[in-house]
Each structure stands twice: as structure tokens, then as C-alpha cells.
Amino acid sequence: MSTRKQSVPPARIPSAGVGEGREIWAVGSGKGGTGKTFLSSNIGITLAKMGKKVILMDADLGCANLHTGLGMSLVSGTLSDFLTGRVNTLDGVVVDTPYPNLRLISGAHDFLEVANPTFSRKEALLSALKRLDFDYLVFDLGAGTHYNTLDFFLAADKSILMVMPEPTAVENAYRFIKSAYFRYLKRVSTTLNIRRLVEEGMDLKNDRGIRTVHELLEMIGASDPEMGRRLREALLSMRPHLVVNQVRSLEDVTLGFAMRSSVEKYFGMRMDYVGYIEYDDVVWKSARQRRPVVAEYPYSSPARCVDRVVRNLMAGTQLDLEAVMGKR
Ligand SMILES: Nc1ncnc2c1ncn2[C@@H]1O[C@H](COP(=O)(O)OP(=O)(O)OP(=O)(O)O)[C@@H](O)[C@H]1O
Ligand SMILES: [Mg+2]
């Protein structure tokens, strides 16, 4: 393996890099129904109420419903028009919403197989998105680990993983993190020219006995310390943010701290626990009224929880275990 210095790969894939204080946020989860659409729309309105220019993008290819929660009917120009190449600009795809400062890119209505964009089309989309006028662009992703979903998750400056305090949701959240991590690892390894080694290491039948990402990094570091260091450094830049939704007890709240520790232990990856959202009937009430909670019930517990999540994301801060336990 060559020891020649190579440039450190970009932190995101494909790199969002909007810069100048502008940010892309993405909300994803392993399991369906964890509250991604609820959080995305309420994050969007919270930021818009702060005076930020916000665009919400429904990236749930095939099952788009973000417009419904905002009280809007089906719009004609959608993301699938761009992704399938029917149109080549986002003009007419970004529409105003009933909320000041908040615009929407409505989702694809084609099923995933139809709307399934090539990697270069996704890159074209990100370039077109970067040219739009916004302070915050928020992606509402579909559930699961399809590579399209992972690519949008990894393309964000801040990616948010939603989980509910239920065993299947927790299991799927770990699966999501693992899939995103491996997708990232593959891309980074291509840039660093070590894809063959990484693929061998990730192959369950590999005869080098590599079982974990740690072992893989150690193996690469042993044969090329500089490459090992660069790979570790690149992987460290993947830093998801965790939100636990539908909490009903202090134990549910502490799930986020436990997950944060596990992710650090198994992947050597930092994950910020930026907040939890209490289970509350106002969420379904507002869904029936087609008005997001922060607009309809701004003083409710979920609205205050969303506000804390947004402030933590903006400030780069997270929940403090001691402070949470002090409430007991
Ligand atoms: N904190 C909460 N309290 C009560 N109900 C909630 C809460 N969060 C979400 N819900 C309800 O859970 C359901 C799923 O929410 P939502 O549609 O936002 O999930 P999703 O992750 O976007 O689902 P999908 O994977 O299908 O896109 C909705 O009926 C919503 O009203
Ligand atoms: Mg949804």
C-alpha cells in the first residue's frame, strides 16, 4: 500500500458544503412511524419563526406526505420531476407554504423504483439545492436503509436519527447507523484508494478474521499508519444527532444516553443526544387539523421539546445526563 499523502476525503457524501452559516439538516430513522415527518415540519416552522429562511424537502421517495401536515394539497412540481430528469431546474418545484419564511419541495409520488435516481442525478440535485436561497434546508427522509435514503442522510451537515423507546425501533436505529457507517466507509475508502482492503474486511467470509470496524481500522493502520490515521479522522467526521420521540418516562429519556454510549463503543463514533420529545395527544390532534404542533399548540410539551432540539442543533450542544437525572 502506498504511503503517499492523499487528501482527506470530504466529511459528507456527496458533500453538502453549503457554508456561510447555511446548513442542511436531515431526519432519518430505521423504522417507519418514529415521527420524522412530525419533527421535520416542526423543526422547519420553529426555525422559520426565528426569522430564518427555511426550505423543507420531502425526500420520502414514493410515500411523500409532508405537504399534508402543513395543510397543503398536492402540488404539481415535485422532487421526482427533477430526479427523473423531467425538469432540469428547481424553479417551480420550490413552493410557498402557509407559514412565513417556510418553503417546501414536495416529495416524489412515483414509487422508489421509478424515482430511483442515479448518483450523478443526486449530485445534480444537491448542486441545484445549494443554489437556492435558504438558511436551513431540512430533509424529511423515508424509513429504512435504502442507499438513496442513506445518501441524503450523509449529505446533510447535521443528520438526525429518530428513535422511539420500543425494542424494534431501537434495533432498527442501530441497523440504520451501521448501514450509514458502512456506506460512508465505502465512499471514504474509494477516495483513499483502499476500497479493496475495506471490502475484504467487510466480507463476512474474509480469511483475515476481521469482524468489526475497529479491527479493520487496526489492520489498515498496521500496514500503513498514515492511511489508518486518515481513515479514522475521516470516519470521525460522521457524527449523527439522536432524538428520542414519544417518551413517556424518565427511563425512556435515558435510552438516548445508553444509545449514545453503545454507538461510541461499537463504532468509535460520536453521536450527540440533542433531545427527546414527550408523547402527547396534541400531536395527533394537530395532525388531524393539518397544522403542525408548534403552530397550533406552541406552549405544549412537544412544542417546547422541539424548540430544545432545534436550539441544541444550532448551538452544537446536547442533553446532559446529570441535568436530566437531577429532575428525578
Ligand atoms: N411525540 C408524539 N406524541 C404522540 N404522537 C406522535 C408523536 N410523534 C409522532 N406521533 C404520531 O406518530 C405517527 C407517525 O408520525 P410521523 O408520520 O411523523 O412518522 P414518520 O417517521 O414520518 O413515518 P414514516 O416512516 O411513515 O414516514 C403519527 O400519527 C404522529 O401523529
Ligand atoms: Mg414520514
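1. Start at the end of helix α14. The residue that follows α14 is Gly316, and its phi is positive, near 75°. This is a predicted model, so the angle, like every other value in this note, is computed from predicted coordinates.

2. Helix α14 itself runs over residues 301-315. From first C-alpha to last, its 15 residues reach 21 Å, close to the 21 Å expected at 1.5 Å a residue. Its buried residues are Pro302, Ala303, Cys305, Val306, Val309, Val310 and Leu313. These lie on the same side of α14, because the arc they cover around the axis is only 160°.

3. Helix α10 can be read in the same manner. It spans residues 225-236, and its twelve residues reach 16 Å between the first and last C-alpha, close to the 16 Å expected at 1.5 Å a residue. Met227, Arg230, Leu231 and Ala234 are the buried residues of α10. They sit on the same side of the helix, because their arc around the axis is only 100°. Note that Arg230 is among these buried residues.

4. What do the buried residues of α10 pack against? Their partners are α7 and α9, the latter being residues 213-223. On the other side of α10, Pro225 and Leu236 are exposed.

5. For Gln246 the angle is about 60°, and for Arg290 it is about 55°. Gln246 is found in strand β7, whereas Arg290 lies in the loop between α12 and α13; helix α13 covers residues 293-296.

6. Are Gln246 and Arg290 buried, partly exposed or exposed? Gln246 counts as buried because it has 22 C-beta neighbours inside 10 Å, and the cut-off for a buried residue is 20 or more. Arg290 has 14 such neighbours inside 10 Å, so it counts as partly exposed.

7. Strand β7 and helix α12 come up again at ligand 1. Each of α1 (36-49), β7 (241-247) and α12 (281-289) supplies at least two residues of the shell around this ligand. There are 19 residues around ligand 1, and those that come nearest are Gly32, Gly35, Lys36, Thr37 and Phe38. By type, the shell divides into eight nonpolar, eight polar and three charged residues.

8. The largest nonpolar core has 92 residues. Which of them touch the most other members? They are Ala26, Phe139 and Val243. Helix α7, residues 167-191, gives the most to this core, with nine residues.

9. With its neighbours within four places in sequence left aside, Phe139 is in contact with Ile24, Ala26, Val27, Met57, Ala59, Phe152 and Ala156. Ala26, in this list, is another of the core residues that touch the most other members.

10. Last, the protein chain as a whole. Its secondary structure comes to 15 helices and eight strands. The chain has 328 residues, and buried residues make up 45% of them. Of the contacts with a separation of 6 or more, 74% are between residues 24 or more positions apart.

Definitions and conventions. Residues are numbered from 1 along each chain as its sequence is written. Chains are lettered from A and ligands numbered from 1 in the order in which they are written. This is a predicted model: local features need pLDDT of at least 70, side-chain atom pairs count only at pLDDT 80 or more; totals for chains, interfaces and linings use all residues. Helices (H or I, at least four residues) and strands (E, at least two) are DSSP runs, numbered from the N terminus. The expected span of a helix is 1.5 Å times one less than its number of residues. A residue is buried if 20 or more other C-beta atoms lie within 10 Å of its own, exposed if 12 or fewer, and partly exposed in between; C-beta atoms are placed from the backbone. The arc is that of the directions from the helix axis to the C-beta atoms. A residue is near a molecule or strand if its C-beta atom, placed from the backbone, lies within 6 Å of it. Ala, Val, Leu, Ile, Met, Phe, Trp, Tyr, Cys and Pro count as nonpolar, Asp, Glu, Lys and Arg as charged, and the others, Gly among them, as polar. Two residues are in contact if their C-beta atoms, placed from the backbone, lie within 7 Å. A nonpolar core is a set of buried Ala, Val, Leu, Ile, Met, Phe, Trp, Tyr and Cys residues joined through C-beta atoms within 7 Å.
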